[in-house]
Amino acid sequence: MPVSQKEVRQRLAQSKVDYRAVAALGPRAVPHLAELVDGNDAVLAAKAVYAAGVIGGPASRRLLESASGHADPIIRIAASAARRMASR
C-alpha cells in the first residue's frame, strides 16, 4: 500500500508523535521523510530524521548519514540521536 507525503506529515505534525505508528509505514515513508528533512520546518525535519531511525533499513541509514551533515544543528542532533537508537 502506497504511503503519501500528506500521511507522513500528518503523523509527524502531532505534538506527541507515535513513532511506532510512523514505523509501521515502513521504508516506503523514507522518501517522504527525506523531503521533510530538506524542508523549511526544523522541528518537522528533526521528527522526520528520528522517524527514519525508528524505521531503519538501508534507505533510512542513508538519510541519517546525510542529515548528520545538515546545516541546521537541530537536524544534526536528531540524526545523532536516531543513529544511536538505530544501533541498539
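**Exercise 1. Find which residues of H5 are buried, and work out where they sit around the helix.**

Start with the list: Ser60, Leu63, Leu64 and Ala67 are the buried residues of H5. Keep in mind that you're looking at a predicted model.

Next, look down the helix axis. These residues cover an arc of only 100° around the axis, which puts them on the same side of H5.

Now turn to the opposite face. The side of H5 turned away from the buried one carries Pro58, Arg61, Arg62 and Ser66, which are exposed.

Ser60 has a relative accessible area of 1%. Buried means under 20%, so Ser60 counts as buried. Skipping its neighbours within four places in sequence, you'll find Ser60 in contact with Val30, Ala52 and Ile55.

**Exercise 2. Describe how H4 and H5 pack, and say which residues make the contact.**

Two numbers come first. Two packed helices are described by the angle between their axes and the distance between the axes. For H4 and H5 (residues 58-67), the axes cross at roughly 145° and come within 8 Å.

Then there's the hand: H4 and H5 make a left-handed crossing.

Now for the residues. H4 brings Val49, Ala52, Gly53 and Ile55 to the contact, and H5 brings Ser60, Leu63, Leu64 and Ala67.

Last, sort them by class. The contact of H4 with H5 has six nonpolar residues, two polar ones and no charged ones.

**Exercise 3. Find the buried residues of H1, and say which helices they pack against.**

First, pick them out: Gln5, Val8 and Leu12 are buried in H1, the helix of residues 5-12.

Second, check their directions. The arc they cover around the axis is only 70°, which puts them on the same side of H1.

Third, look across from that side. The buried residues of H1 pack against H2 (19-23), H3 (30-37) and H4 (42-55).

**Exercise 4. Describe the packing of H1 and H3, then follow Leu36 through it.**

Begin with the geometry. The axes of H1 and H3 are 9 Å apart, and the helices pack at an angle of about 65°. Their crossing is right-handed.

Go on to the contact itself. From H1 come Gln5, Val8, Arg9 and Leu12, and they meet His32, Leu33, Glu35 and Leu36 in H3. By class, the contact of H1 with H3 holds four nonpolar, two polar and two charged residues.

Then see what is buried in H3: Val30, His32, Leu33, Leu36 and Val37. Around the axis they cover an arc of only 155°, which puts them on the same side of H3.

Now follow Leu36. With a relative accessible area of 4%, Leu36 is buried. Not counting residues up to four places away in sequence, Leu36 touches Gln5, Val8, Arg9, Leu12, Leu44, Ala45 and Ala48. For a distance check, take Leu36 and Gly69: they're 33 residues apart in sequence, and their C-alpha atoms are 15 Å apart in space.

**Exercise 5. Find the aromatic pair, classify it, and say which helices it ties together.**

The partners are Tyr19 and Tyr50, with 5.0 Å centre to centre and 75° between the planes. Planes over 60 degrees apart count as edge-to-face, so that's the label for Tyr19 and Tyr50.

Then place the rings. Tyr19 lies in H2 and Tyr50 in H4, so the pair ties together parts that are 31 residues apart in sequence.

Conventions. Residues are numbered from 1 along each chain as its sequence is written. This is a predicted model: local features need pLDDT of at least 70, side-chain atom pairs count only at pLDDT 80 or more; totals for chains, interfaces and linings use all residues. Side-chain values use heavy atoms; hydrogens and water are left out. Buried means under 20% relative accessible area, exposed over 50%, partly exposed in between (1.4 Å probe, protein chains only). Helices (H or I, at least four residues) and strands (E, at least two) are DSSP runs, numbered from the N terminus. The arc is that of the directions from the helix axis to the C-beta atoms. Contact means heavy atoms within 4.5 Å. Axes are lines fitted to C-alpha atoms, for helices over the stretch in contact, and angles run from 0 to 180 degrees between N-to-C directions. A crossing is left-handed if the near helix is turned anticlockwise from the far one by less than a right angle, and right-handed if clockwise. Ala, Val, Leu, Ile, Met, Phe, Trp, Tyr, Cys and Pro count as nonpolar, Asp, Glu, Lys and Arg as charged, and the others, Gly among them, as polar. Rings of Phe, Tyr and Trp (its six-membered ring) pair if their centres lie within 6.5 Å; planes under 30 degrees apart count as stacked, over 60 as edge-to-face and the rest as tilted.
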